[in-house]
Amino acid sequence: MKHLKDASEELTSKLLSALEHAVQLKKDGIDPMMPFAFVYSDNNGRLKSFVGDTPEYADKMFERTIMEENPDFAIYGYDGYLTFDGNKNDAILLKAYQKTDDVIYLVGQRFIPKSDHIDCKMIGNPAFLGTEPNNFYIDDVIKQGNEMKSESKQPWWKIW
């Protein structure tokens with residue numbers, strides 16, 4: 001299984017920028033936070049918000065963004081919970097996508113929400129939560145093989 005240390009430096013940098021954005025929203029008292037994604041194509045980045053009734057809708061909109069826009073990178077942030085030592089905490093959850101990586105990296109940052117009595121406070125450091133398969137990843141070898149097959153009008157066993 002891959003670890004966050006296996007991610008590219010560029011993806012890690014974009015992930016940290018998205019985390020800083022989300023932390024600032026929380027410190028400003030934005031709770032709940034609207035799911036968002038930083039989407040990067042050809043060194044141009046933009047922020048997208050996913051407005052909807054359910055977290056599942058936002059997840060689908062993030063997947064749709066990747067399918068339709070085919071970005072180089074996309075960092076998706078949303079509210080959730082993390083349990084640590086039996087304590088359930090509010091958390092910022094992030095998914096870090098890179099077109100050329102076969103996994104999506106999952107990261108979480110626990111926090112105490114801002115209230116009338118206290119300011120928002122981050123709990124501990126960001127945590128690597130694992131990976132999930134990047135269903136949008138297509139290996140270059142597979143692409144080249146499919147291009148070779150589609151260029152030839154002969155059956156595959158007669159290509160040699």
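**Salt bridges and their setting**

Modeller: Start with Asp102 and Lys2, whose side chains meet in a salt bridge at 3.0 Å, N to O. Here a salt bridge is a side-chain nitrogen of Lys or Arg within 4 Å of a carboxyl oxygen of Asp or Glu. This pair links distant parts of the chain, 100 residues apart: Asp102 is in the loop between strand 4 and strand 5, and Lys2 is in the segment before helix 1. The model is predicted, so local features need pLDDT of at least 70 and side-chain atom pairs pLDDT 80 or more, while totals for chains, interfaces and linings use all residues. Residues are numbered from 1 along each chain as its sequence is written, and side-chain values use heavy atoms, without hydrogens or water.

Asp102 is partly exposed at 36% relative accessibility. Lys2 is also partly exposed, at 29%. The cut-offs: buried is under 20% relative accessible area, exposed is over 50%, and partly exposed lies in between (1.4 Å probe, protein chains only).

By the salt-bridge rule, the count comes to ten. Glu10 is partly exposed at 37%, whereas Lys14 is buried at 16%. Helices (H or I, at least four residues) and strands (E, at least two) are DSSP runs, numbered from the N terminus.

Now take Glu69 and Arg46, which meet at 2.4 Å, N to O. That pair links helix 2, which holds Glu69, to strand 2, which holds Arg46, across 23 residues. Glu69 is partly exposed at 29%. Arg46 is partly exposed at 38%. Back at Lys2, shared partners join Lys2, Asp101 and Asp102 into one network of salt bridges.

Next, the surroundings. Six strands form an open antiparallel sheet in the order 2-1-3-4-5-6. Two strands pair if DSSP finds at least two bridges between them. Strand 2 (44-49) and strand 6 (121-133) are at the edges with a single partner strand each, so one side of each has no neighbour in the sheet.

Helix 2 (residues 55-69) lies across strand 1, strand 2, strand 3 and strand 4, at about 155° to strand 3. Contact means heavy atoms within 4.5 Å. Axes are lines fitted to C-alpha atoms, for helices over the stretch in contact, and angles run from 0 to 180 degrees between N-to-C directions.
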